[in-house]
Amino acid sequence: MNTIHDLGGMHGFGAIAPERDESPFHETWEGRAGGILEVMTFPPGFTVDRFRYLRETLRPDLYLVQSYYEQWLYIAEQVLLEAGMISAEELARGKASPQSTKRNDSMRADAVWDFLHDRAHSGRPLAQAPRFTSGQRVRARNMQPAGHTRLPRYARGRSGMIVSHHGGHVLPDASAHGKGDAPQHLYTVRFAARELWGAAAHPRDSVHLDLWESYLEPA
Amino acid sequence: MNGIHDLGGMHGHGPIAPEKDEPAFHAPWEARMLGIRRGATFPPEVNIDRWRHLRELIPPHLYLSRSYYDHWYMSYVAALLQSGWMTAEEIKSGHAAPGGARRNDAMRPEEVWEAQKTRGIFTRAVATLPMFAIGQRVRARNIHPTGHTRLPRYVRGKIGVVRLHHGGHVFPDANAHGQGEAPQHLYTIAFPMRELWGSDASPHDEACADLWESYLEPA
Amino acid sequence: MSQHSHSHDDSVEMARHHHIHADLPPDPALRVKALESLLTDKGLVDPATIDAWVETYESRIGPRNGAKVVAKAWVDPDYKQRLLSDATTAIAELDLLGSQGQHMVALENTPGIHNLVVCTLCSCYPLPLLGLPPTWYKSAPYRSRAVLDPRGVLREFGLDLPEHVKIRVWDSTAEVRYLVLPERPAGTEHLNEAQLATLVTRNAMIGVAKVTA
């Protein structure tokens with residue numbers, strides 16, 4: 001989606017404001033929100049790509065004013081609503097409906113450490129050989145998918161060079177939309193800053209992006 | 001600048017919502033703000049291009065969350081503060097600080113119609129011959145100016161054909177920044193939709209943009 | 001001032017000025033009222049001049065001006081030719097040029113070509129011919145999608161164009177303003193110029209509708 005989240009290259013967002021001694025959570029509720037999204041029971045087939053996609057569906061003006069963990073709460077609500085695990089009325093009232101059944105399979109506290117260290121990896125073995133090799137020139141395709149993608153607008157149509165190959169990885173464009181892992185070869189591609197931003201950019205600078213095989217064509 | 005205003009090609013802003021029998025103004029304050037924009041005395045540097053740039057400099061979250069005439073309010077207040085014609089205290093209180101000079105040169109009601117008829121002519125003589133001819137292939141430059149520009153991001157680096165030549169016109173990128181009118185030849189460039197958006201776009205359709213000569217290079 | 005400031009300084013300085021909005025009431029009615037009173041105090045605006053501008057855009061300027069141009073082009077082939085080759089001069093014949101519409105181009109819709117006008121960067125619109133733009137024209141949904149998905153946008157307006165029709169979108173990035181000359185509907189041969197003008201809608205002159213009899 002060409003939505004507000006695709007911020008690469010934008011002006012007008014003001015100064016970067018690093019905080020001295022920033023704490024992991026600024027408020028207690030932020031820790032609760034972060035914890036909920038780590039360990040809550042998700043619907044079957046839910047993926048990290050679906051998580052990112054749902055965040056991209058937040059209304060653009062709200063995307064810009066809501067804090068990071070407010071957006072996580074929005075994601076949690078969307079996940080539960082779209083899976084029918086809660087109803088809009090329950091969400092509005094903050095209480096389970098008396099007719100709903102209570103599950104007893106949520107993650108226990110003593111399982112959290114192992115969960116956080118063993119969570120699913122996105123690498124997948126692939127039978128077919130990679131189409132591109134390190135050092136090869138490629139062009140990022142000019143495409144405008146209406147769903148989730150990890151190809152930023154600023155790289156589309158631009159050419160760069162493969163600098164590494166990571167083997168097969170889950171394709172977010174499929175995984176975010178219930179179309180399975182659909183793994184593809186993943187590459188790191190180097191783009192000269194001048195290719196991305198024109199002659200005013202520094203001649204020695206570059207930007208690296210991790211891009212899936214179907215995002216690329218030979219240049 | 002690559003600001004939030006540069007909306008061409010974005011997803012996520014929801015359906016278009018035409019109103020049946022929409023009134024000219026939704027509230028009396030909108031009409032007052034329109035009248036202020038057209039009839040109030042502005043700091044001399046605030047030409048049309050400066051005005052558009054002021055609107056682009058509205059913080060992105062306010063740009064997306066506030067209504068059209070509120071943008072005008074925010075742009076005018078910013079111009080008044082920047083020029084020193086008003087202080088923040090005066091804006092907040094709605095009262096002029098005591099002792100300030102009162103001007104007597106505001107536009108009079110009987111001058112309104114003539115202003116409407118005669119304002120806003122932007123053609124200017126330019127001494128140089130046009131660099132491009134109708135029918136010629138040109139590429140919109142890949143540039144990312146931090147100031148005002150009328151070259152939308154979605155055409156940068158794309159190839160099109162010169163459809164119309166409009167002669168010399170005031171150059172917004174200069175005029176918005178106190179650098180004079182610096183007129184240049186202005187062209188309408190037709191870009192095939194597939195050039196702009198990739199092979200999923202309709203092969204029959206095109207988008208045209210009005211672009212100044214320095215935005216273009218031969219292709 | 002801006003004569004010697006760089007655009008980067010601009011954005012930093014403007015961000016500072018915009019902090020004021022944290023201290024102002026959210027209701028724009030209150031803010032605009034205070035602004036008008038302050039401008040009046042300082043002699044920077046005459047409230048009667050505001051009234052006159054509002055009256056101009058509410059009553060003296062509107063889509064009926066554009067409709068006059070369209071109807072004349074439908075009944076007068078010479079005028080249509082002049083309009084399509086030099087719209088500024090042809091519209092000046094009717095004394096309908098004005099601010100935000102001094103440099104005009106007319107775009108002819110035909111059975112094979114459909115034109116659609118947008119301003120992706122702000123809200124440029126041929127005010128003297130069409131009056132104030134509707135809210136949807138100035139809003140993010142239309143500005144973002146008209147150039148990317150014009151067929152989808154047109155379907156939202158109830159216009160489903162066949163695949164073979166060429167769509168030309170015109171993004172008003174300069175001070176040139178565009179007027180769509182819609183197709184004259186069938187079955188209107190008996191109507192005179194004034195009657196035809198009553199059929200022509202604002203949306204048809206933007207390109208999001210056809211004229212129907």
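Which residues gather in a patch of positive charge on the surface? In this predicted model, the patch consists of A:Arg137, A:Arg139, B:Arg137 and B:Arg139. Strand E1 of chain A and strand E1 (137-140) of chain B each supply at least two residues of the positive patch. B:Arg139, for example, is found in strand E1 of chain B. With a relative accessible area of 31%, B:Arg139 is partly exposed. That value matters here because a residue needs over 30% relative accessible area to be taken into a patch, and B:Arg139 is at 31%. In a regular strand the side chains alternate between the two faces of the sheet.

The secondary structure of chain A comes to 8 helices and 5 strands. Along the sequence, these elements follow the pattern α-α-α-α-α-α-β-β-α-β-α-β-β. The C-alpha trace of chain A spans about 60 × 45 × 35 Å along its principal axes. Of the 219 residues in chain A, 37% are buried.

Strand pairing in chain A can be followed from E1 onwards. Strand E1 (residues 137-140) pairs with strand E2 (residues 159-169) in the antiparallel sense, over 3 bridges. Within this pair, A:Val138 has A:Gly160 of E2(A) as its bridge partner. E2(A) is also joined to E3(A), again in an antiparallel arrangement, and here there are 6 bridges.

A:Ala182 is found in the loop between helix H7 (172-175) and strand E3 (184-192) of chain A. Phi of A:Ala182 is near 35 degrees, a positive value in a residue other than glycine. A:Ala182 is partly exposed, at a relative accessible area of 36%.

C:Gln100, which is not a glycine, has a positive phi of about 65 degrees. Like A:Ala182, which lies between a helix and a strand, C:Gln100 sits in a loop, here the one between helix H6 (87-93) and strand E1 (103-108) of chain C. Is C:Gln100 buried or exposed? Its relative accessibility is 15%, so C:Gln100 counts as buried, the cut-off being under 20%. A:Ala182, by contrast, is partly exposed.

Notes
Residues are numbered from 1 along each chain as its sequence is written. Chains are lettered from A and ligands numbered from 1 in the order in which they are written. This is a predicted model: local features need pLDDT of at least 70, side-chain atom pairs count only at pLDDT 80 or more; totals for chains, interfaces and linings use all residues. Side-chain values use heavy atoms; hydrogens and water are left out. Helices (H or I, at least four residues) and strands (E, at least two) are DSSP runs, numbered from the N terminus. Buried means under 20% relative accessible area, exposed over 50%, partly exposed in between (1.4 Å probe, protein chains only). Two strands pair if DSSP finds at least two bridges between them. Patches are made of residues with over 30% relative accessible area and no salt bridge: like charges are joined within 9 Å, nonpolar side chains (Val, Leu, Ile, Met, Phe, Trp, Tyr) within 5 Å. Accessible areas come from the Shrake-Rupley method with a 1.4 Å probe; for residues, only the protein chains shown count as cover. A salt bridge is a side-chain nitrogen of Lys or Arg within 4 Å of a carboxyl oxygen of Asp or Glu. Lys and Arg count as positive and Asp and Glu as negative; His and the chain ends are not counted. The place of a charge is taken as NZ of Lys, CZ of Arg, CG of Asp or CD of Glu.
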